[in-house]
Amino acid sequence: MSAQSDHSTRITITSLREMKQKKQRFTCLTAYDAAFARLLDQSGIDLVLVGDSLGMVVQGHDTTVPVTMDDMVYHCRLAARGLSRAMLVADMPFLSYSTPDQALANAARLMQQGGAQMVKLEGGDAQHDIVKHLSGNGVPVCAHIGLKPQSIHKMGGYRVQGRQKHSAEAMLYDAEILQKAGADILLLECVPVKLAQEIVGNVDLPVIGIGAGPYCDAQILVLHDVLGITPGPVPRFAKNFMEQAGSIPAAISAYAQAVREGSFPEAKHCFD
Ligand code: KIV
């Protein structure tokens with residue numbers, strides 16, 4: 001039985017690598033509590049992310065910057081209770097991984113108190129030592145590159161990343177260096193389709209995309225965007241699956257099916 005069709009076995013990084021090898025796209029969504037995590041789990045979502053997007057969609061902030069470690073551990077613990085199959089990944093919030101030792105202590109909290117199986121952090125070459133330290137201590141890492149929402153005040157706006165030659169080259173370099181440092185998964189946010197395709201071809205890791213086109217090994221969206229209940233503007237790469245579905249479980253299943261068969265993302269959700 002394939003890792004994708006077996007709904008009773010816990011998803012691990014090994015299952016995700018197998019899916020990549022077999023060219024089976026895997027499905028990811030965010031959740032922040034036990035009720036939605038259970039629903040995603042029962043709908044066959046392979047990876048649940050307790051994203052620091054909770055700062056915007058749950059807490060009502062304008063950015064993810066105010067989210068704290070305590071917030072993340074709390075929501076991670078809630079989501080963990082709802083899961084029996086999906087892999088649980090938790091975001092490390094802004095400034096919780098500024099040094100290798102601080103990163104390790106905070107990753108330990110997310111795994112030991114929150115029940116996360118992997119942590120996600122935003123960064124590239126500059127976070128090489130952090131990723132190496134986490135990985136060397138047995139902490140699985142998802143490295144988030146491209147648009148990094150925690151750096152919004154530094155970047156001055158939410159924009160597609162890697163459109164210029166020099167920034168595309170830097171992103172290709174970041175992907176390789178993070179793989180070498182021991183990252184287990186890459187996540188690309190708001191990256192032109194061709195660059196994302198090149199990155200996927202250059203690394204062995206499973207690559208999750210959000211606004212990064214159809215060539216990624218998996219797709220992720222924020223749950224509230226999928227359900228059409230996002231407070232404020234909705235990013236172009238998102239799709240409201242509730243519009244065509246009669247219920248929340250039907251919308252989640254429609255998203256999962258669209259990702260697996262490759263009908264999401266469509267061209268209108270992608271960037272040149
Ligand atoms: O915080 C989050 O939900 C994320 C996703 C948008 C990938 O990082």
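Lys 23 sits in the loop between helix H1 (13-21) and strand E1. In this predicted model, the phi of Lys 23 is near 60 degrees, a positive value in a residue that is not glycine. Most residues other than glycine have a negative phi, and most peptide bonds are trans.

Leu 95 is another non-glycine residue with a positive phi, here about 60 degrees. Its place is the loop between strand E3 (87-91) and helix H5 (100-112). With a relative accessible area of 54%, Leu 95 is exposed too.

Ala 31 is a loop residue as well, placed between strand E1 (26-30) and helix H2 (34-42). Its relative accessible area is 0%, so Ala 31 is buried, the limit being under 20%. Setting aside residues up to four places away in sequence, Ala 31 touches Phe 36, Ala 37 and Leu 40, along with Val 48, Leu 49, Val 50 and Ala 79. Phe 237 is 206 residues away from Ala 31 along the chain, and 18 Å separates their C-alpha atoms.

Phe 241 counts as buried because its relative accessibility is 6%. Apart from neighbours within four places in sequence, its contacts are Leu 221, Val 226, Ala 251, Ala 254, Tyr 255, Ala 258 and Phe 264. The C-alpha atom of Phe 241 is 18 Å from that of Val 48, a residue 193 positions away along the chain; Val 48 is also one of the residues that Ala 31 touches.

Phe 264, one of the contacts of Phe 241, is joined to Pro 265 by a cis peptide bond, with omega at about 0 degrees. Pro 265 itself belongs to the segment after H11.

Now for the helices. Two packed helices are described by the angle between their axes and the distance between the axes. Helix H6 (residues 128-136) packs against helix H8 (residues 165-181) at an angle of about 30 degrees, and their axes are 8 Å apart. Angles under 35 degrees count as roughly parallel, so H6 and H8 fall into that class. Their crossing is right-handed. On the H6 side, the contact is made by His 128, Val 131, Lys 132 and Ser 135, while H8 brings in Ile 177, Leu 178 and Ala 181. Sorted by class, this contact has four nonpolar, two polar and one charged residues.

H8 also meets helix H9 (residues 193-202): the two axes come within 10 Å and cross at roughly 25 degrees. That angle makes H8 roughly parallel to H9, and the crossing is again described as right-handed. H8 contributes Ala 168, Met 171, Leu 172, Ala 175 and Glu 176 to this contact, and H9 contributes Leu 195, Glu 198, Ile 199 and Asn 202. These residues divide into six nonpolar, one polar and two charged.

How far can the model be trusted? The mean pLDDT of the protein is 96, and 97% of its residues reach 70 or more. Residues 1-5 are a stretch where pLDDT stays under 50, and the model gives them 14 contacts beyond four places in sequence. Where pLDDT is low, the predicted coordinates should not be read in detail.

Methods. Residues are numbered from 1 along each chain as its sequence is written. This is a predicted model: local features need pLDDT of at least 70, side-chain atom pairs count only at pLDDT 80 or more; totals for chains, interfaces and linings use all residues. Side-chain values use heavy atoms; hydrogens and water are left out. pLDDT is the predictor's confidence in each residue, from 0 to 100. Contact means heavy atoms within 4.5 Å. Helices (H or I, at least four residues) and strands (E, at least two) are DSSP runs, numbered from the N terminus. Buried means under 20% relative accessible area, exposed over 50%, partly exposed in between (1.4 Å probe, protein chains only). Axes are lines fitted to C-alpha atoms, for helices over the stretch in contact, and angles run from 0 to 180 degrees between N-to-C directions. Angles under 35 degrees count as roughly parallel, over 145 as roughly antiparallel, 65 to 115 as roughly perpendicular and the rest as oblique. A crossing is left-handed if the near helix is turned anticlockwise from the far one by less than a right angle, and right-handed if clockwise. Ala, Val, Leu, Ile, Met, Phe, Trp, Tyr, Cys and Pro count as nonpolar, Asp, Glu, Lys and Arg as charged, and the others, Gly among them, as polar.
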